[in-house]
Amino acid sequence: PRDIRTMVAQGMSPEEARVRIGGEFAIEQYSVFPEFNIDRHGISDFPIPADWTKFMMVDPGTGVCAVLFAAVPPPTGEEDYVGDFIYLYDELYIKRCSAALFGEEVAKKAVGQSYHSFFIDPGSAKVKEMGSGITIQVQYSQALAKYDVRSEHSGSNFFYGSTDIPGSLEMIRQLMRLRDDGTTKLRLMRGRVPMMRWELQNYRFKTIKDPVRGMRVPTDKPRDAHDHLIWGLRAIAAFNPIYEKPKIKVPIDHVYEAFLRMKKKRRGANDAPYIQLGPPV
C-alpha cells in the first residue's frame, strides 16, 4: 500500500494524502481544494504572448475588488508552455475600491493587451448605488470605457459568471487534476498571483458541530470568506475557454498619422503622390 511520502512524491499535497489514506479531519482537511499544490500547479513567470486568448474576471466590492486575468495558449507550437492549459497570469486585489479606482488600475494592466471577454459576479454587479441608483456593473463598465479598455466579445461591458457554486468548484478540481502526461490544465504564475494562491490554500468548507462526537465537522458548503479571486477562477472554469486568436491592436504612430493628415490637406488634385525631401530643382 502507498504511504504519505510516496503520494507526496507523486504530486499530492500532504493534506490530500492524509485525507485519502487515513480520512483525517484536521483543520487542513476543511479545505475546499486539498488537491492544490503550488509545486504541481505553479510555474515560473513569463510574459504572455500577444497572440494568446486573454480574459478578465471581476468580483467588485468596496472592501476588496478582486480582478483575475487568465490566458489560453495556442493548442500546438514549439514552446513547451503551449497546449491544453489555462494560465492565471495576473491579478488585482484593490481594497476600499471605487469604480474610478478600478478603471485606473485595470487601464494600467490593459496597455497593449487584447482581451476576448470580461466577466463579472452577477450578484454584486446588480447592486445599485444608493444615491444615483446606477448599478455597479454600469459604473464599472463606464470606468473601463473612459480608458478605452475593451474586449472583443463584451466590449467595455461584462458577461455574467456562473452562479452554480458546486458545479463550478468541481470544474476547478478538474482543471487541477493530474493528467497522464504529468501536467495539470490549470497553471499559476508563482510571482504574479500571490493572493490567488493564498485563497486556494485558505478556502474552507463551513463546519457544524457533530452532536454525537462533540466536535466540528465540515459540510459540503464553502465559507463566504477568502473567495474574492476564487469567484474569478470559478467563472473562467465554468466558461471552459478555448483558444481563439485575438485581433491584435497595432500601436498607432501618431507622428506618421499627423503627417498623413497634413499631406492630405495640402495636396491638390494634380499633385504628385510623393513628397520631395531634397532642395528644389
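## Close-up views of a predicted model

**View 1. Met57 stands opposite Phe119 in strand E5.** This is a predicted model, and we start inside its sheet. The two strands to look at are E2, residues 53-59, and E5, residues 117-120; four bridges join them, and they run parallel.

**View 2. The whole open sheet has seven strands.** Reading across, the order goes E1-E7-E4-E3-E2-E5-E6, and the pairing is mixed. Check out the two ends: E1 (42-43) and E6 (159-160) are the edge strands, and each has a single partner, so one side of each has no neighbour in the sheet. Helix H9 packs on this sheet, where it touches E2, E3 (64-72), E4 (86-95), E5 and E7 (186-189). The direction of H9 makes about 135° with that of E2.

**View 3. Helix H8 meets helix H9.** Here we stay with H9 and bring in H8, which spans residues 194-202. Their axes come within 8 Å and cross at roughly 90°. That angle falls in the 65 to 115 degree range, so H8 and H9 count as roughly perpendicular to each other. From H8, the contact uses Met195, Met196, Glu199 and Leu200, while H9 brings His228, Leu229, Ile230 and Leu233. Sorted by class, that makes six nonpolar residues, one polar and one charged.

**View 4. The largest pocket has a volume of about 400 Å³.** If you want to find its centre, go to Ile165, Tyr203, Pro222, Asp224 and Arg234, which lie nearest to it among the 21 lining residues. Helix H7 (165-176), strand E8 (205-210), strand E9 (215-222) and helix H9 (228-239) are the elements that each give two or more residues to the lining. H7 has the largest share, with four residues. What's the lining like by class? The pocket is lined by 10 charged, nine nonpolar and two polar residues.

**View 5. Ile136 is part of helix H6.** For another handle on the spot, take Lys126: Ile136 and Lys126 are 10 residues apart along the chain, and their C-alpha atoms are separated by 6.3 Å.

Key:
Residues numbered from 1 in each chain as written. Predicted model: local features only at pLDDT ≥ 70, side-chain atom pairs only at ≥ 80, totals over all residues. Heavy atoms only, no water. 1 Å grid on protein atoms, 1.4 Å probe; cavity = no way out; pocket = protein on both sides within 12 Å on 5 of 7 lines; lining within 4 Å. Points joined across faces, edges and corners; volume = space filled by probe spheres on them. Nonpolar A, V, L, I, M, F, W, Y, C, P; charged D, E, K, R; others polar. Pairing = 2+ DSSP bridges. Contact = heavy atoms within 4.5 Å. Axes fitted to C-alpha atoms, helices over the stretch in contact; angles between N-to-C directions. Parallel < 35°, antiparallel > 145°, perpendicular 65-115°, else oblique.
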